[in-house]
Amino acid sequence: MADTHPPVDPTSLSPLLVRRREAARLCGVSLAAWARLCAAGRCPAPIRLGGVVLWRVEELRAWTEAGCPDRASWEAWPRAAGNAHGRR
């Protein structure tokens with residue numbers, strides 16, 4: 001069966017995961033403020049991939065839309081209606 005999907009331009013794709021500098025920028029805070037939020041457990045938990053610390057862009061979007069709750073509240077957030085914070 002032939003592939004019917006058009007070719008995708010990789011430069012047009014948005015990243016799924018971002019490093020701390022981009023996570024801070026996406027959330028509208030300085031890098032220092034992001035570091036303080038992370039140290040205080042007030043942002044979503046990052047993932048580690050090959051030794052690199054990354055945040056899921058969709059989770060950051062959902063977190064900000066939810067009012068930026070602390071990590072414990074965010075992780076306890078109801079999973080109803082498909083609210084899985086981008087995690088599986």
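## Contacts of L60

Not counting residues up to four places away in sequence, L60 touches V18, A23, L26, C27, W34, P44 and W55, where contact means heavy atoms within 4.5 Å. This is a predicted model, in which local features need pLDDT of at least 70 and side-chain atom pairs count only at pLDDT 80 or more, while totals for chains, interfaces and linings use all residues. Residues are numbered from 1 along each chain as its sequence is written, and side-chain values use heavy atoms, with hydrogens and water left out.

## Nonpolar core

L60 is also among the residues with the most contacts inside the largest nonpolar core, together with V18, A23, W34, C43, W55 and W63. That core has 13 residues. A nonpolar core is here a set of buried Ala, Val, Leu, Ile, Met, Phe, Trp, Tyr and Cys residues joined through side-chain atoms within 4.5 Å. Buried means under 20% relative accessible area, exposed means over 50%, and partly exposed lies in between (1.4 Å probe, protein chains only).

At least two residues of this core come from each of helix 1, helix 2 and helix 3. Helices (H or I, at least four residues) and strands (E, at least two) are DSSP runs, numbered from the N terminus. In soluble globular proteins, nonpolar side chains tend to be buried together.

## Helix 1

The buried residues of helix 1 include A23, A24 and C27. Seen down the helix axis, the buried residues fall within an arc of 100 degrees, so they line one face of helix 1; the arc is that of the directions from the helix axis to the C-beta atoms. Among the elements that cover these buried residues are strand 1 (17–18), helix 2 (31–39), strand 3 and helix 3. On the other side of helix 1, R21 and R25 are exposed.

R25 forms a salt bridge with E22, with the closest N and O atoms 2.5 Å apart. Both residues lie in helix 1 (residues 20–27), three residues apart, or about one turn of the helix. R25 counts as exposed because its relative accessibility is 53%, whereas E22, at 29%, counts as partly exposed. Just after helix 1, G28 takes a positive phi of about 75 degrees.

Besides the R25 and E22 pair, R61 and E58 meet through their side chains at 2.8 Å, N to O. R61 and E58 are three residues apart in helix 3, so about one helical turn separates them. R61 is partly exposed, at 41% relative accessibility, and E58 is exposed, at 51%.

The side chains of R56 and E59 meet in another salt bridge, at 3.4 Å from N to O. Here R56 is buried, and E59 is buried too. E59 has its place in helix 3 (residues 57–65) and has a relative accessibility of 2%. A polar contact of 2.9 Å also joins the side chains of E59 and W74. Such a contact is a pair of N or O atoms within 3.5 Å; within protein, one must be able to donate a hydrogen and the other to accept it, and residues adjacent in sequence count only if both atoms are side-chain atoms.

## Strand 3

V53 is found in strand 3 (residues 52–56) and is partly exposed, at 31% relative accessibility. Leaving aside neighbours within four places in sequence, V53 is in contact with V18, R19, P46, I47 and R48. The C-alpha atoms of V53 and R19 are separated by 6.3 Å, although these residues are 34 apart along the chain.

## Cysteines

The count of disulfides comes to zero, a disulfide being a pair of cysteine sulfur atoms within 2.5 Å. The cysteine sulfur closest to that of C38 belongs to C43, and at 3.0 Å it is too far for a bond. C43 is in no disulfide and counts as buried, at 0% relative accessibility.

C68 has its place in the loop between helix 3 and helix 4 (71–76). C68 has a positive phi of about 60 degrees although it is not a glycine. Most residues other than glycine have a negative phi. With a relative accessible area of 34%, C68 is partly exposed.

Technical notes:
Salt bridge = Lys/Arg side-chain N within 4 Å of Asp/Glu carboxyl O.
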